[in-house]
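Visitor: Could we go through this structure together, a few residues at a time?

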Amino acid sequence: MTQVIETIDVDVPVRTAYNQWTQFESFPHFLDFVESITQQDDTHTHWKVKIGGAEREFDAEITEQHPDERVAWKSISGDEKHAGVVTFHRLSDTTSRVTVQLDWEAEGFLEKVGAVFGVDDHVIRKDLKQFKTFVENPANQAGGWRGDVSV
C-alpha cells in the first residue's frame, strides 16, 4: 500500500476551502490525473482518471464528511483501490490549512516505480498548489454541500 500526506495553506477562509473541495465535478481543474467526476448522490461519485498513461474508472463512497472539518472516501468498485481523507484547519479568519492523505495500491510497473521514487508525492504537491490557485480565485469559488455523513 502506498501513502502520501501533503499539506498546503490557502488564503481563503476554511469554509471556502471546504466548500470548493465538496464540488467534486470541479476536480479536473486542479487535479491533473482526473478526467471527470460524476456525483451520483450525496455519498457516491464515479471517477475517470488517467494514471501513468492508463485510463481507469472507479466508484467511490464518501464515508465521512463534516462541514469545514473533513471529507473521507474509499473506492468501492472499479480499477483503483484507494482511500483518502482531506482535513481543513482554520489558521485565521482568511487563511486555512488543507491536508490530504491518500492510500492506494499501485497497479502496473509505472505506478510501482513512481511510488518507489516519490513521484506520487510530487504529483499530489503539484495538484495542491493548483487547488490553491483555483480556490483563491473568487471567480472559481462555488457553494459547497454542507451535509454531514458518517458511515
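**A buried histidine and an aromatic core**

Guide: His66 counts as buried because its relative accessibility is 15%, where buried means under 20% relative accessible area, exposed over 50% and partly exposed in between, with a 1.4 Å probe and protein chains only. The model is a predicted one, in which local features need pLDDT of at least 70, side-chain atom pairs count only at pLDDT 80 or more, and totals for chains, interfaces and linings use all residues. Residues are numbered from 1 along each chain as its sequence is written, and side-chain values use heavy atoms, with hydrogens and water left out.

Visitor: Where is His66 found?

Guide: His66 belongs to strand 4, residues 54-66; strands (E, at least two residues) and helices (H or I, at least four) are DSSP runs numbered from the N terminus.

Visitor: Which residues is His66 in contact with, leaving aside its neighbours within four places in sequence?

Guide: With those neighbours left aside, the contacts of His66 are Tyr18, Asp148, Val149 and Ser150. Contact means heavy atoms within 4.5 Å.

Visitor: On to the core. Which members touch the most other members?

Guide: In the largest nonpolar core, which has 33 residues, they are Val10, Trp21, Phe27, Trp47, Phe88 and Val98. Helix 3 (residues 119-136) gives the most to this core, with 5 residues. A nonpolar core is a set of buried Ala, Val, Leu, Ile, Met, Phe, Trp, Tyr and Cys residues joined through side-chain atoms within 4.5 Å.

Visitor: How many aromatic pairs are there in the whole structure?

Guide: The search finds 10 aromatic pairs. Rings of Phe, Tyr and Trp (its six-membered ring) pair if their centres lie within 6.5 Å; planes under 30 degrees apart count as stacked, over 60 as edge-to-face and the rest as tilted. The Phe24 and Phe27 pair is edge-to-face, because the ring centres are 5.5 Å apart and the planes are at 65°. Phe27 counts as buried, at 2% relative accessibility.

Visitor: And what about Phe30 and Phe131?

Guide: Their ring centres are 5.0 Å apart and their planes are at 65°, so this pair is edge-to-face. Phe30 lies in the loop between helix 1 (14-21) and strand 2 (34-41) and Phe131 in helix 3, so the pair ties together parts that are 101 residues apart in sequence. Phe30 counts as buried, at 0% relative accessibility, and Phe131 also counts as buried, at 0%.

Visitor: Which residues form the aromatic cluster?

Guide: One aromatic cluster is formed by Trp21, Phe24, Phe27, Phe30, Trp47, Phe58, Phe131 and Phe134.
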